[in-house]
Amino acid sequence: MAESDNEIVTMKGISKSFPGVQALENVDFTLRRGEIHALVGENGAGKSTLIRILTGAEQPNAGTITVDQQTISIRSPQHAQGLGISTVYQEVNLCLNLTVAENILIGREPMKWGSIDWKTMNARAKQILHGLDVDLDVTQTLGNCSVAIQQMAAIARALEVSSARVLVLDEPTSSLSTHETEQLFGVMRKLKSEGMAIIFITHFLDQVYKVADRITVLRNGKLLGTYATATLPRLELITKMIGRTLTEFDEMAQLKHESGQHIKSEVLLDAKGVGQTGSIEPFDLELHAGEVVGLAGLLGSGRTEMARLLFGLDKPDGGSITMDGKPVRNYSPTGSIERGVALCPEDRKAEGVIADLTVRENIILAMQASLGWFKHLNSQEQYEIAEKYIELLNITTPSGDQPVKNLSGGNQQKVILARWLATNPRLLILDEPTKGIDVGTKAEIQKLVLSLAEEGKSCMFISSELEEVLRISHRIVVLRERKKIAEFGGDVGDRKIMQAIAGSE
Amino acid sequence: MKRSKSSFEWRKVTESKLFFPLVALALILLFDLIFIPTFFHITFQQGHLYGSLIDILRNSMPVVALAIGMTLVIATGGVDLSVGAIMAIVSSVAALLMNPFVLGTQLQAIKNNPTYSYSPFWVVILLPLIVATICGLWNGLLVAHGKIQPMVATLILMISGRGIAQLITNSQKIQIFYGPFRYIGNGWILLPFSLFIVVFLYVLAWLLTRRTAIGLFIESVGINSRSSLFSGIDEKKIKLFAYVFCGFCAGIAGLIATSNISTSDATSLGLNTELDAILAVVIGGTLLGAGGRFSLLASAIGGLVMQAVTTSMYAIGVSANSLLAVKGVVVILIILLYAQQVQGLIRKITGRTKLKETKP
Amino acid sequence: MMQNLSTLFSKNRRLLPLSATIILFFIAYAVGAAYLPGMRDTQVFLNLFNQTPYLLVSVIGETLVVISGGIDLSVGGMVALTTTASAALLRASWNPWVVMPLMLAMGATMGAIMGYFITYLNVQPFIATLAGMWIGRGLAYFISNESIVINDRIYTLLDRTKILIPGLSNVVTQKGDYITPSVVIAMAVFVAANYIAHYTRFGRTIYSIGGANGANEQSARLMGLPVNRTKVLVYTFNGFCSALAGIFLSIYTRSGQGLLGNGMELTVIAAVVIGGTSLIGGEGYVFGALFGVLITILIQTMIQIQGHLITWWTLIMVGVITLFFIGLQSVIANLKIGQIAGTKVSREKRIRQVLLYGGGAALVIVLAVLAFAVLPNATHGSANAAASTSRACQPKPFRPDQAASLMKAGAVISYERNGGANCIDELYAIYPDGRITGDNGTQQIEKQVTSDDVDRLLSFISNAGWFTDNMFSTSHVPCKVCYTYFTSVAYKGQEKTVEAVDGGTDAPPEYWLVTGQFSMIVPIFGPAP
C-alpha cells in the first residue's frame, strides 16, 4: 500500500499501433519518486514509443495513465511539461541557433517592465548550470558547443521548467565520453536524492547496473517484467531480452579460429602515413584478404575518421594508400567502390538509409552508382539482386517494394549491409554496425562478418562494445585521442586493451 | 515467409502520384460540364481540331514544358525561380537573331516579310536554347558548387535576368513575322504543333530519368543527400544536371510562348509563369522543399490543371484581372486536397484501411 | 580594440553580413556623392527615407517571417488590395480615420488566415502566400478595374505635409530639408519591431522556429514553446505591415489601383537578404531591414540622378548586390558547418577562401562602380552628355488646381509639362472650338486650330486606349533632363487624368504617342523675357 502512494506515474494496459506494426501491447509501467528506473529492450521493443506516450508526443490506442493519483490524458508535450514531466531526447532537441542561456530559459525568461531582462537571464542560466557542476559562457551560441554541453543545457532546461518531478533521459550517454557520462550520473544521483523520479533509457547495460534502482524490460512491444536491479544478474537480464542462450557466441569463437587459418599473406590495402589535420594523426595500416581487423578505442578517438579516410570520404593530408600494390589516386566514394572498398556508415539514419526509397532501391543503390548514370539496371535485375540479399541476410519485410522507413532499425541496418555486399567489395569497413540493434540481430551480423572473411574478403569492424570487437577480430588496432597507438592479435585479453586505451597509468 | 512482388491493389491507384492531379483535373472538367455546356464541344475547322479543350492544350504548353524541367529541380530539393526570366532572355535573343536591325533603322518592307530572317532557322532555334541551357548551368553552379540555397540562388537570375532581357532589346516589343518560327506556336497537325514539341520533350525527359539511373539518383539525392554521398552518388553532378535541364526546358517554353503571341516582349513574357510551373509540379505531388519521389506525367497533368482553371474562368466570363483571385482560391482548394488531414478523410471515405501486418 | 572586435565577430558570425551591408551602404553613398554632384544635397539623403516608408514597413514584416523560417509572397497583393479598398471607401465618403484602422485589421486578418493554412493545414508557405497574393490582387481588381483617385483631405494632408528638419531648413519660408509623416510612422514601426524581436517572448520564439531545415521548429515544439501560435501571429503581423505599406503607398500616389505593388515581393525579398537575414531562417536582424531598403533605393536613386542609364540597370544591379550578400552568408554558413561537424578547415584553406571571396566581391563592386560612372549613353531618349553637370535651376511646383479649373471652364484637354534641363513648367489647355492656350508662369500665348483638328486629336487619344486600364498613372523621380507630364482629357462624358515621367520604362508606351501628338499641335513659347 505504502509503495503505490510513492508512485508518481502509473501506466496501465498501454497499447499503440502504427500502420503495419503493433508497437506496444498491453504494457504496464510504474515510476516511483526518488528512483532511477531503467527502461531496456532491443530495438523495436517499444521503449521509445512508451516514452513518447508518456511525454504527450503520441496518444495511446488503449490504456490509462495516472499522474500523482489522477487519471489523465496527456495531450501534448506542453501539457506533459505542465504536469512536471520533462524529457531530454537522444538527439538534443534544442535550438542550436540560440544561446545557451536562451535555450535553458526560453519561454520563461525573466522579465523586467514587460521586456526580457537579458542580464538576469544570463545570470540565472549560469546559476542553474552551476547546480549541475557545469561552468561555461552562457552567451555562446549553442551550436558552437560540444554535444555533452548541449545535453547539459537540455537537462538544465528540463529541470528548470515548471517544477519537474519526472525526468526522462532517452539514450543520453550515446555521444558522451566516459568522464562526461560520470558527470551525468553524478547529476542524476543528486536529483534522485532530491526526490526526482528519473527514467533512464539506454542500451549500455553496464550503465544500467551503475545507476538504476529498478529495471523494466520490454520485448517486441510486450512487458517482460519490472525488477529491482540488485536482484537481477546480468546474464539473466540478457536472456530475458533476447530469449536465447548465448551459445551463438560460442559458435563464433569457433568460426573465428577456423577462418583465421585462411588469412592471406599478401597485403590488400596498405596505408602509410595517412592522416588528416584535426581529425586523425598519420597512421600506418595493413589489411589482408580473409582477415577481420577490429578497431577499438573510446568515442572520439578517431575510429570513424580512419574509416572515412580509407573509404575516400576525406582526403588525406599526406601519406599514401596503395591497393594491390597500385597507388590510389581517385579519392572519392565512387573511386573506392570501383576499387572494391565499401563503408557501412555509423549513422544509418543520416548516412545510410534513404527513407522513402524501397528496400530494393536501397539495396541496389551503391551498385548502380558504381555503374554510372547510363548503365541502368532494369527492374527485373533489381528485383533479383534485392531478393538474393533479402534471403541471405534474413531481412524481415513483406516485400522488396516496402519503403525502407517502415522497417525496424535492425532490418534497416541489414538493408544497408546488403547494399554494400551487392557491390561485391574486397574490403568492407563496418562502422558501428550493431549500434541500436537487438541482441539477436547483433549476433547475426557478427556471424556474417566472420563468414565474409572466410569467403576471402577483408573486413574492418568498428564498435564501441569492446566485447564484440574481441569476439570476432583476428587483429585489433587501438586508437586513442586520434592516434593509432597499438596493434594486438585477436586473442588478446580485455585488460590489455583497456590499458592501451586508458594510456600510461 | 511469403513475399509478394507488387500485385494490383486499389490502394496502389490511390497512392499513385497520378491520383490527385487526375482528381483535380476531373473536378475542374466536372465544373465545366455543369456550368459551361459548350466546353466540351470540339469541331473541325481550318484543318485542325477546335474548341475549349484544344485551347487548354495549346495555352498550357509553355507551363507544361517548364513543369517538366522544374520537376527535376524540385525533386532534388530545390526550386528554380528564374525560369520566367530565362524565357524572356530566350525571347529577346531569338527576336534579335531574326531581325537585328529592328532596333535601329526602319527596314519596313523586310520587317513584314514572313520568309525573311537574318539568321537561318536552326540558329534561331539553337542559339537561344544554348543560352537558356547556360542560364541553367549558372543556376546549377551556384546551387551545387556554391552551396547557396536554391531559392536564393535562382532569385538572382530572376531579378537580373529580366533586366538582361530588356537590355538586349532595349525594352521594345518586337513583332515577329518569320513564318517557320511562327509555326511553332501557331501551326497545327490536327492538334497544336507545340503539343508535339512538348510531348517530345516529355519523352526525352522520361528517357533520361527512367531509362537511366539519373531518375533514381535524383530521388535519392532529394530524400537524403548525405546517404547518397556515402553510396557513391555525386550530389553535385545530379543537381547540376537538374538545373541545366530545367534551363533547357525554360528555353523551349520561351520559344513556344514567344511564338504563341508572335511577339518578343521582354518585360512581360513569362512574368509569374514560374509560379504556375511550381504549382503544376506541386499539384503533381512532388514535395516542394523536400524533394524526393517525382512523376513527370503528374506534373504535366498539373500544368494542364492550371491552364484548365484559367480557360474555364475565361469561358464563364471572369475578367483577366479577377482571374487572379479565382486562381488563388483554386490553388488553395487543390493544395488542401494534399493536406494530411484531408487525405486521411478521403481514405476513410473510400473505405481503405491499412491491413495490420503481423510480424513473423 | 581590434581584439575586442575580432572576438565580437567570432562569437557572432551572423553580424558579418549586416556589418557588410552597412559598410557597403556608406561606401556606395560616398562613391555616388563623389561622382554625382546631385547626390550631395541633403534632401536626396532624406528622400531615400521619404520615398519608401511603404517598402521599409514591408521589409520589416517580411524579415520577421523569414527569420521564422517561412516566406510571404503576398505582400504585393495585400498592398494592391489595401490601396483599392481604401480608395473605394474614401470615394464613398467614409471617414479616413475609420478607413485606415479597418485596412490594418483587414491586412492582419488575411495574414492570420494564411498563417492558419500554413501552420495547421501544413500548406507550404510559398504556396499559401502565393495564393494569398493572387487573391489579394484579384480582389483589388474586382473592386475596381481602373485606378481610383483619392481626393480625401486627410490623405492629401498626410502626403503634402513636410516635417522640416530643425537646423537644416528655414521655418519662415517653409523651404528646406524635410521628411514626411509616413517616414515617422515607419520608423516607429521599425523601432517597435526591433524591440519585439529582442525583448519579447514572441520575438524570441520567432527566432527559435527558424533555421536548420525545420529541426529548430521541432525542438521548439518539444521545448514547449507556443510554436503554432507564434507562426500564425508572425504572418498576421506581416499582413498588418503589408496593409500599412498599402496605406503609405495610397498616400504617396493618392490613388488606389490593382496594379500597385506589382513585382514588389521580389524587391522586398532582395532587401531582406541584403539586410543580412538568411532565407534559411533562424538568424537575422530587423535592423538590417533598414539598410537593405536603403541600399535598394539608393541604387535606384543613383541611377536616376545620373540620368544616363535606364531603369532596367536597377534590376541587374540589385541582382548583383544580392549575389554578393548571398555569397557572404553562405561562406559564413559553411564555416560554421565545418565547425559543428568538428572538421577543422585548415588555416591555409580558410585564408584562401576569404581571399578568393573577398577578391571576387571587390572585383564585382569595382566593375559595377566603373560601369556606373563611366558608361557612355545607353538610353533611347534625348539625354546628352552635357547634362551630367548639376541642375542649374530649381524645379517649379506642379499646378493641378489650375489644370482642374481649366477643365471646369470647358477645356477638353489640359496638358502640363514640367521639368527638363531648364526647369520649365508649361500648362496648355485645348478647347473644343480649336483654341489652345499656353501658360508657362511668365508668358501666356494662344493659338487657333480647327475644331476638326481637336476632334481628330480626341479620337486618336481615345483609340490609343486613354480610357481603358492600359493607360494608368506612373511616377518616379525624374532625371535631370526628364519631364513630368500631367494630362487630363474629357471626351464623350468621360474624364481621366494620367501622369507620367519620361526616361523610364514604367509608363505605358501609348502615353508617349499622345504627348507626341501634343507637341506637334501646341504653340511654342518664345525666349524668356
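In this predicted model, helix α13 of chain B, residues 273-283, has 11 of its 11 residues buried, so it is largely enclosed by the rest of the structure. The buried residues of α13(B) are Thr273(B), Glu274(B), Leu275(B), Asp276(B), Ala277(B), Ile278(B), Leu279(B), Ala280(B), Val281(B), Val282(B) and Ile283(B). After α13(B) comes Gly285(B), which has a positive phi near 95 degrees.

**The nonpolar core**

The largest nonpolar core holds 401 residues, and those that touch the most other members are Ile429(A), Val449(A), Ala65(B) and Cys249(B). For Ile429(A), once its neighbours within four places in sequence are left aside, the contacts are Ala307(A), Leu310(A), Phe311(A), Ala342(A), Leu343(A), Cys344(A) and Met460(A).

**Chain A**

Chain A contains 19 helices and 22 strands, and of its 505 residues 48% are buried. A compact globule of 505 residues would have a radius of gyration near 23 Å, and the 24 Å found for chain A agrees with this. Along its principal axes, the C-alpha trace of chain A spans about 70 × 50 × 50 Å. When contacts in chain A between residues at least 6 apart in sequence are considered, 69% of them join residues at least 24 apart.

The domain assignment divides chain A into domain 1 (2-242), domain 2 (244-340 + 426-505) and domain 3 (352-424). The C-alpha centres of domain 1 and domain 3 of chain A are 36 Å apart.

**Chain C**

In chain C the secondary structure amounts to 19 helices and 10 strands, and 49% of the 529 residues of this chain count as buried. Of the contacts in chain C between residues at least 6 apart in sequence, 73% join residues at least 24 apart.

Two domains are assigned in chain C, namely domain 1 (35-296) and domain 2 (400-521), and their C-alpha centres lie 34 Å apart. The contact between these domains takes eight residues from domain 1 of chain C and five residues from domain 2 of chain C. On the side of domain 1 of chain C that touches domain 2 of chain C, one residue is nonpolar, six are polar and one is charged.

Strand β6(C), residues 424-430, pairs with strand β7(C), residues 435-439, in the antiparallel sense over four bridges, and the bridge partner of Ala429(C) in β7(C) is Thr437(C). The hairpin of β6(C) and β7(C) has four residues between the strands, and there Gly434(C) takes a positive phi near 100 degrees. Strand β7(C) is in turn joined by five bridges to strand β8(C), residues 444-448, and these two strands also run antiparallel. Here Thr437(C) has Glu446(C) as its bridge partner in β8(C), while the hairpin of β7(C) and β8(C) has four residues between the strands, with a positive phi of about 95 degrees at Gly441(C) in the turn.

**Contacts between chains**

How many residues does each chain bring to the contact of chain A with chain C? Chain A contributes 23 residues and chain C contributes 25 residues. On the chain A side, α3 (77-83) and β8 (115-116) each supply at least two residues, and the largest share, three residues, comes from α3(A). By class, this side of chain A has eight nonpolar, 12 polar and three charged residues.

In the contact of chain C with chain B, 38 residues of chain C meet 40 residues of chain B. On the side of chain C that touches chain B, α7 (125-143), α13 (264-274) and α15 (312-340) of chain C each supply at least two residues. The residues on this side of chain C divide into 25 nonpolar, 12 polar and one charged.

| Chain A, touching chain C | eight nonpolar residues | 12 polar residues | three charged residues |

Note on methods: Residues are numbered from 1 along each chain as its sequence is written. Chains are lettered from A and ligands numbered from 1 in the order in which they are written. This is a predicted model: local features need pLDDT of at least 70, side-chain atom pairs count only at pLDDT 80 or more; totals for chains, interfaces and linings use all residues. Two residues are in contact if their C-beta atoms, placed from the backbone, lie within 7 Å. Ala, Val, Leu, Ile, Met, Phe, Trp, Tyr, Cys and Pro count as nonpolar, Asp, Glu, Lys and Arg as charged, and the others, Gly among them, as polar. Domain bounds come from an automatic or database domain assignment. A residue is buried if 20 or more other C-beta atoms lie within 10 Å of its own, exposed if 12 or fewer, and partly exposed in between; C-beta atoms are placed from the backbone. A nonpolar core is a set of buried Ala, Val, Leu, Ile, Met, Phe, Trp, Tyr and Cys residues joined through C-beta atoms within 7 Å. The radius of gyration is taken over C-alpha atoms; the globule rule is 2.2 Å times the number of residues to the power 0.38. Two strands pair if DSSP finds at least two bridges between them.
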